[in-house]
Amino acid sequence: MQGNLKEARLGPTEIPTGLTTAFTAPEPLRFMGMVLTNRTAGALTVTLYIVPAGATAVNANELLGTVNIPPNDLVVYSDLDIPLILLD
């Protein structure tokens, strides 16, 4: 199954001020990387979860722990190669 995973490009998506869904995968995908950009004058913190359908964002679903993004800066994650095969 992992050899059949597709890539999807998304964004830009603004970082919300609360817990929300930024993307819903229509099928299993391979998570290759991301760029988190802060275009504000203040620091931002981001925590990324990969959550199966019907579940909630909890520590067990955490992909990326809390990351601090300085004002007017960015954080790059590349070559992650994480298969996202979520089963209900």
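**Exercise 1. Which residues does N38 touch, not counting residues up to four places away in sequence?**

Step 1. Start with the rule: contact means heavy atoms within 4.5 Å.

Step 2. Go through the list for N38: A43, L44, I69, P70, P71, N72 and D73. By the way, this is a predicted model, where local features need pLDDT of at least 70, side-chain atom pairs count only at pLDDT 80 or more, and totals for chains, interfaces and linings use all residues. Residues are numbered from 1 along each chain as its sequence is written, and side-chain values use heavy atoms, with hydrogens and water left out.

Step 3. Now place N38: it lies in strand β2 (strands, E, at least two residues, are DSSP runs numbered from the N terminus).

Step 4. Look for polar contacts (pairs of N or O atoms within 3.5 Å; within protein, one must be able to donate a hydrogen and the other to accept it, and residues adjacent in sequence count only if both atoms are side-chain atoms). The side chains of N38 and T40 are joined by one of 2.6 Å, and the N38 side chain also reaches the backbone oxygen of I69 at 3.1 Å.

**Exercise 2. Sort N38, N72 and T56: buried or exposed?**

Step 1. Grab the cut-offs: buried is under 20% relative accessible area, exposed is over 50%, and partly exposed is in between (1.4 Å probe, protein chains only).

Step 2. N38 has a relative accessible area of 1%, so it's buried.

Step 3. N72 has 58%, so it's exposed. You'll find N72 in the loop between β4 and β5, and it has a positive phi of about 50° although it is not a glycine.

Step 4. T56 comes out at 53%, so it's exposed too. T56 sits in the loop between β3 (44–49) and β4. Leaving aside neighbours within four places in sequence, T56 is in contact with V51 and N61.

**Exercise 3. Which residues make up the largest nonpolar core?**

Step 1. Know what to look for: a nonpolar core is a set of buried Ala, Val, Leu, Ile, Met, Phe, Trp, Tyr and Cys residues joined through side-chain atoms within 4.5 Å.

Step 2. Here the largest one has eight residues: F31, M34, L36, V46, L64, V67, I69 and V75.

Step 3. Check the strands: β2 (34–38) and β4 (62–69) each supply at least two residues of this core. The largest share, three residues, comes from β4.

Step 4. Zoom in on V67: not counting residues up to four places away in sequence, it touches L44, T45, V46, V75 and Y77.

Definitions and conventions: Helices (H or I, at least four residues) and strands (E, at least two) are DSSP runs, numbered from the N terminus.
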